[in-house]
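Keep the coordinates open while reading.

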Amino acid sequence: MEKFDVIIIGAGAAGLFCAAQAGQRGKRVLLLDNGKKAGRKIVMSGGGRCNFTNLYTEPAAYLSHNPHFCKSALARYTQWDFIDLVNRHGIAWHEKTLGQLFCDDSAQQIVDLLLKECEVGNVTLRLRSEVLSVARDEAGYTLELNGSTVQAEKLVVATGGLSMPALGASPFGYKIAEQFGLKVFPTRAGLVPFTLHKPLLEQLQTLSGVAVPATIGAEDGTLFKEALLFTHRGLSGPAVLQLSSYWQPGEFVTINLSPERELGGFIDEEREAHPNQSLKNTLAKILPRRLVECLQLLGSVPECTLKQLNRRQQGELVDSLHQWRVQPNGTEGYRTAEVTLGGVDTTMLSSRTMEARDVPGLYFIGEVVDVTGWLGGYNFQWAWASAWACAQAL
């Protein structure tokens, strides 16, 4: 039986970074993953360019049943620390919007960085390693793998969530938590597109591919102002993905299709200047024409000139465009979700070390924990921060 100081399950962002940090602190580390390659989700992220952190990372950008839990780790390993590491590896990057940082070249550069850091720490990486069972005794943790048995004093679970099952996502980490008596909050897909009910979906299908700046709100009052994208299944784009983490099944969302321009005043100005202009052509000055034509078919936009538009019609039109209420049918689910909401209950973990309070030597980091960030590099920063905090304690 091979013995190590630490075994880490999951060679994603959190697992790789934790392994590298622990290895560089002199620990003998075994990093296991059931896939053919390490960091598969990293390579897919950010359109292949990996949105590796966010300049504006702060605890308020994270959802958790225990919103204070993430504060310690995020304060001790910050976005600036990871940016410094990226710079030391000579990786060129750029800010896209809203503090989102991407590699200029490829997400593979972040995977290569993590693998190089693991090499520096003499980490033993074993891919295509399926963990069949985990047992604990006074010596630590014994893992039965497909073909071998390994043992370590400490075990780190970095298995991620359920999003993107095609990349090997599984509930294995939650099962380990439950095996050792930790509570796991129910999981659901987060940062995921909405699907729509049939009649509305069919009416909006001509808009597939059309994007508009929008403000979208959930029933709990949460608002996001970013692009909204119409798709052949429903609604997507950054504003929708952000809001999906706050939406509950059956609820309505409220969409402002013209967040930059108050439509009542705009129509009044246009009526003064061009009374005979059609309402459709007027709205097409600030909204995509395909959207205006679709809203006309839905009955939201009357077919008339500006001077024919009466005050009641104008009021209803302005309300419908600034406060368009839509009830999603659901979401596209884990298949396209970027993250998983819910997970290991953080009240059962130390916020300083990520160790299970009642199970010495057992740690949970990254997405498997009930901490979920906004779209835009926040979830990677949680992976780096929670991994770093854990590694200091190993």
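## Cysteines

A disulfide is a pair of cysteine sulfur atoms within 2.5 Å. The model discussed here is predicted. By the cut-off just given, the count of disulfides is 0.

The sulfur of cysteine 390 has its closest cysteine sulfur in cysteine 18, at 3.9 Å. The cut-off is 2.5 Å, so that distance is too far for a bond. Cysteine 390 is buried, at 0% relative accessibility. For cysteine 118, the closest cysteine sulfur is again in cysteine 18, but the distance is 9.6 Å. That too is too far for a bond. Cysteine 118 is buried as well, with a relative accessible area of 6%.

## Aromatic pairs

A pair of aromatic rings is described by the distance of the centres and the angle of the planes. The structure holds 15 such pairs. One of them joins phenylalanine 17 and tryptophan 384. Their centres are 5.7 Å apart, their planes stand at 70 degrees, and the pair is edge-to-face. The pair links distant parts of the chain. Phenylalanine 17 sits in helix α1 (residues 13-24), and tryptophan 384 sits in helix α13 (residues 378-393). The separation is 367 residues. Both phenylalanine 17 and tryptophan 384 are buried.

Phenylalanine 194 and tryptophan 247 also form an edge-to-face pair, with 5.2 Å between centres and 65 degrees between planes. Phenylalanine 194 belongs to strand β12 (residues 194-196). Tryptophan 247 lies in the loop between α8 (238-244) and β16 (253-256). The pair therefore ties together parts that are 53 residues apart in sequence. Phenylalanine 194 and tryptophan 247 are both buried. Elsewhere, ring pairs build a cluster from Phe17, Phe52, Tyr77, Phe82, Phe380, Trp384 and Trp388.

## Charges over rings

Two rings carry a charged group over the face. Arginine 325 lies over phenylalanine 252, at 4.3 Å from the ring centre. Lysine 96 places its charged end over the ring of phenylalanine 102, 4.9 Å from the centre.

## The β3-β6-β5 sheet

Three strands form an open sheet in the order β3-β6-β5, with antiparallel pairing. β3 and β5 are the edge strands. Each has a single partner strand, so one side of each lacks a neighbour in the sheet. The twist averages 30 degrees from one strand to the next.

Strand β3 (residues 51-54) is joined to β6 by 3 bridges. Threonine 53 has leucine 101 of β6 as its bridge partner. Strand β5 (residues 93-95) is also joined to β6 by 3 bridges. Here histidine 94 stands opposite phenylalanine 102. β5 and β6 form a hairpin with 4 residues between them. Leucine 98, in the turn, has a positive phi of about 50 degrees.

In a regular strand the side chains alternate between the two faces of the sheet.

## Salt bridges

How many salt bridges does the structure hold? The count is 13. One of them lies within helix α12 (residues 311-322), where arginine 312 and glutamate 316 are 4 residues apart, about one turn. Their N-to-O distance is 3.1 Å. Arginine 312 is exposed at 53% relative accessible area, while glutamate 316 is partly exposed at 48%. Shared partners also join Arg233, Glu332 and Arg335 into one salt-bridge network.

Helix α9 (residues 263-273) holds both aspartate 268 and arginine 271, 3 residues apart, about one turn of the helix. Their closest N and O atoms are 3.0 Å apart, and the two form a salt bridge. Is arginine 271 buried or exposed? Arginine 271 is buried, with a relative accessible area of 17%. Aspartate 268 is partly exposed, at 28%. Arginine 261 bridges to glutamate 269, with closest N and O atoms 3.1 Å apart. Arginine 261 is partly exposed, with a relative accessible area of 33%.

Notes: Residues numbered from 1 in each chain as written. Predicted model: local features only at pLDDT ≥ 70, side-chain atom pairs only at ≥ 80, totals over all residues. Heavy atoms only, no water. Salt bridge = Lys/Arg side-chain N within 4 Å of Asp/Glu carboxyl O. Buried < 20%, exposed > 50% of the residue type's maximum accessible area, 1.4 Å probe, protein only. Helix = DSSP H or I, 4+ residues; strand = E, 2+ residues; numbered from the N terminus. Pairing = 2+ DSSP bridges. Axes fitted to C-alpha atoms, helices over the stretch in contact; angles between N-to-C directions. Phe/Tyr/Trp six-rings, centres within 6.5 Å; stacked < 30°, edge-to-face > 60°. Lys NZ or Arg CZ within 6 Å of the ring centre and 35° of its normal.
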